[in-house]
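Please look through the sequence and the model shown here. The paragraphs below then go through parts of the structure one after another.

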Amino acid sequence: MTTATARVAGTGHSATKPSKNARSRERALAWARRAPLLPALIFLIIVTQLPFVVTLIISFLNWNSLRPDQTGFAGFENYIEVLTNADLRQAIFTTIILTVSVVLASLVIGLGLALLLDKKFIGRGLARTLLIAPFLVVPVAAALIWKHALLNPTYGLINGILTWIWWLFGSNTPPQPDLLSQAPLMAVIVSLVWQWTPFMMLILLAGLQSRPMDTVEAAQMDGATPWAIFRHLTLPHLRQYLELGGLLGAIYIVQNFDAVFTLTSGGLGTANLPYAIYQTFYFANEYGLASAAGVVVVIGTLIVATFALRTVFSLFKKEAAR
Amino acid sequence: MSTLTPAAPHSTPPGPTALNTGTRRRGKSRMDPTRNNTAAGIAAWLLALLFATPVLWMILTSFHSETDAATNPPSVAANLTLDAYKEFFGASSGVSPWPPLINSATASILSTVLVLVLAIPAAYALSIRPVKKWTDVMFFFLSTKMMPVVAAILPLYLFAKTTGALDNIWFLVLMYTSMNLPIAVWMMRSFLAEVPEEMLEAAQIDGAGLLLTLRKIVAPVAMPGIAATALICFIFSWNELLLARVLTGVMAGTAPVFLTGFVSSQGLFLAKVCAAAVVISLPVLFAGFAAQDKLVQGLSLGAVK
């Protein structure tokens, strides 16, 4: 594919020689510029856009692979089902709660960590490495560790630490909560915040370190308090980094499947839309319904994305203008 | 004609985050009382240890015996053993983890190669010799990333099922390529934008073609960026679960899929699970730390340097 691209581009270059037809030359040049782009573009359209069109079509069908004889046009039936079915409505709700809380919490904690790491102290490099580690554990492995090594009610580390603390105060009856069953959604959220905070921290730290320091120093000279400097200089500067981190985090967390699948198997109200859709088509074989739910996710994402993209665009334009 | 060609050098302090200790840091420590930094250092270290605890606990437990792993309170100082790793590699069950590990490596490495082959020329056409409306193209790439996998997975599954591509590692390679391509294009664009324009003009004057320019001018400058992009794509592919779970089975199952089926309901298994988690996370840890310098720029799709 690449050699073909190169050849097309090559002809484009040779077209720069004087030619009688200037317009066709211009066109050839334009295509020579486009040529390197086309393989990626075409590949992506075939593999992502085409399937979505098929999803769109299936979403209007009454199609359960276990009852192939009843397949037919369903109109908006599947969409009505998505919005009225208690489980799927719950999944929409769970997705929103999960995404918003994970993004906000990891942004706030990530900001705190970035502010600390922006200062100079002994072993900063190692501390930074330790803080990145959660992001570099395979998500499924991380979820398994949270489920079995940390949250297990009998031998998990959290209850183990509770035992230690109560022993320290001479008590032999430490509380041993089963956090995964008592607060399943919270457990999923906490494990995801743990994984995504390093990501936010890295982006915000880069933002902090690109601050123009002369204004900060000038403010310090003028006797501005650290809080005033943070509030009026650092935070406005970090705004676009916060937005970027939020957007990218949201893209990934809306689609999260691993944590929900591994920690709770979607039980106890933790099933988000990706998990619910997976179940609807993979186990219930409700192809039409699953597709309609998929389309609903895309519409939801599009609504959020149009707002979010605007902020990325401003950052991007600034960068491109340089 | 080339008004859109992004000027290369960044005006903000470049370079990776923590290594960015230039003059201004010296200037800053002069302003900040040392006492303040000590407090920040202690707080940062405590939080770093808190965040690393699950990882460190996972590693420690993987070297414990099953009985020591499942105690309350935790047995921190228990004897270390490699039993859990032996178990993970099938000492008593006879189930080898190598096929899924090899599948994961195949899918991740091949898709990463394919991504680079497609993304580098595309990024070239978006930064060095940009097409008209190149920003629109960039946002088209990003928008495909915003479409959740679940919105396309059913047709892909049905297609694979009817064509016999189900449980075929090559189909997974294509899926991972499409999953990472938009990110890679964005990353590569920002790395290629750092290639000095004068060098490109000189190459053009010398009549160098696209392939030669890419190889001789662009690649050397953009190499660290290409490496970082490759490592990040590798990580995302290695980590992926949903597509692998739906599209593979016994033959082409990847390491994450293997891991989800690893927990037995019988007996003690915690040390074994920790060992498995460590082994499967090792490539990601290596790749992540290898890409550390460019990790932020890569993960932020080139928006942050």
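In helix 14 of chain B, the buried residues are B:Gln292, B:Lys294, B:Leu295, B:Val296, B:Gln297, B:Gly298 and B:Leu299. A residue counts as buried if 20 or more other C-beta atoms lie within 10 Å of its own, as exposed if 12 or fewer do, and as partly exposed in between, with C-beta atoms placed from the backbone. Helices (H or I, at least four residues) and strands (E, at least two) are DSSP runs, numbered from the N terminus. Helix 14 of chain B covers residues 292-299, and seven of its eight residues are buried, so it is largely enclosed by the rest of the structure.

This is a predicted model, in which local features need pLDDT of at least 70 and side-chain atom pairs count only at pLDDT 80 or more, while totals for chains, interfaces and linings use all residues. Residues are numbered from 1 along each chain as its sequence is written, and chains are lettered from A and ligands numbered from 1 in the order in which they are written.

What do the buried residues of helix 14 of chain B pack against? Their partners are helix 10 (184-209) of chain A together with helix 8, helix 10 and helix 13 (270-290) of chain B. Just after helix 14 of chain B, B:Leu301 takes a positive phi of about 60°.

Two of these partners in chain B also pack against each other. Helix 8 (residues 169-192) and helix 10 (residues 210-239) of chain B have axes 9 Å apart, at an angle of about 150°. That makes helix 8 of chain B roughly antiparallel to helix 10 of chain B, a word used for angles over 145 degrees, where under 35 is roughly parallel, 65 to 115 roughly perpendicular and the rest oblique. The axes are lines fitted to C-alpha atoms, for helices over the stretch in contact, and angles run from 0 to 180 degrees between N-to-C directions. Among the residues that make this contact are B:Tyr176, B:Met179 and B:Phe191 of helix 8 of chain B, and B:Val218, B:Gly225 and B:Phe236 of helix 10 of chain B. Two residues are in contact if their C-beta atoms, placed from the backbone, lie within 7 Å. The residues of this helix contact divide into twelve nonpolar, four polar and no charged. Here Ala, Val, Leu, Ile, Met, Phe, Trp, Tyr, Cys and Pro count as nonpolar, Asp, Glu, Lys and Arg as charged, and the others, Gly among them, as polar.

Chain B is divided into domain 1 (23-88) and domain 2 (98-299), with bounds from an automatic or database domain assignment. Taken over C-alpha atoms, the centres of domain 1 and domain 2 of chain B are separated by 30 Å. In the contact between these domains, 14 residues of domain 1 of chain B meet ten residues of domain 2 of chain B. Helix 2, helix 3 (66-69) and helix 4 (83-88) of chain B each give two or more residues to the domain 1 side.

The contact between the chains takes 95 residues from chain B and 101 residues from chain A. On the side of chain B, helix 2 (residues 34-62) gives the largest share, 17 residues. That side divides into 67 nonpolar, 22 polar and six charged residues.

B:Gly41 is found in helix 2 of chain B. B:Gly41 is buried, with 20 other C-beta atoms within 10 Å. Leaving aside its neighbours within four places in sequence, B:Gly41 is in contact with A:Phe121 and A:Ile122.
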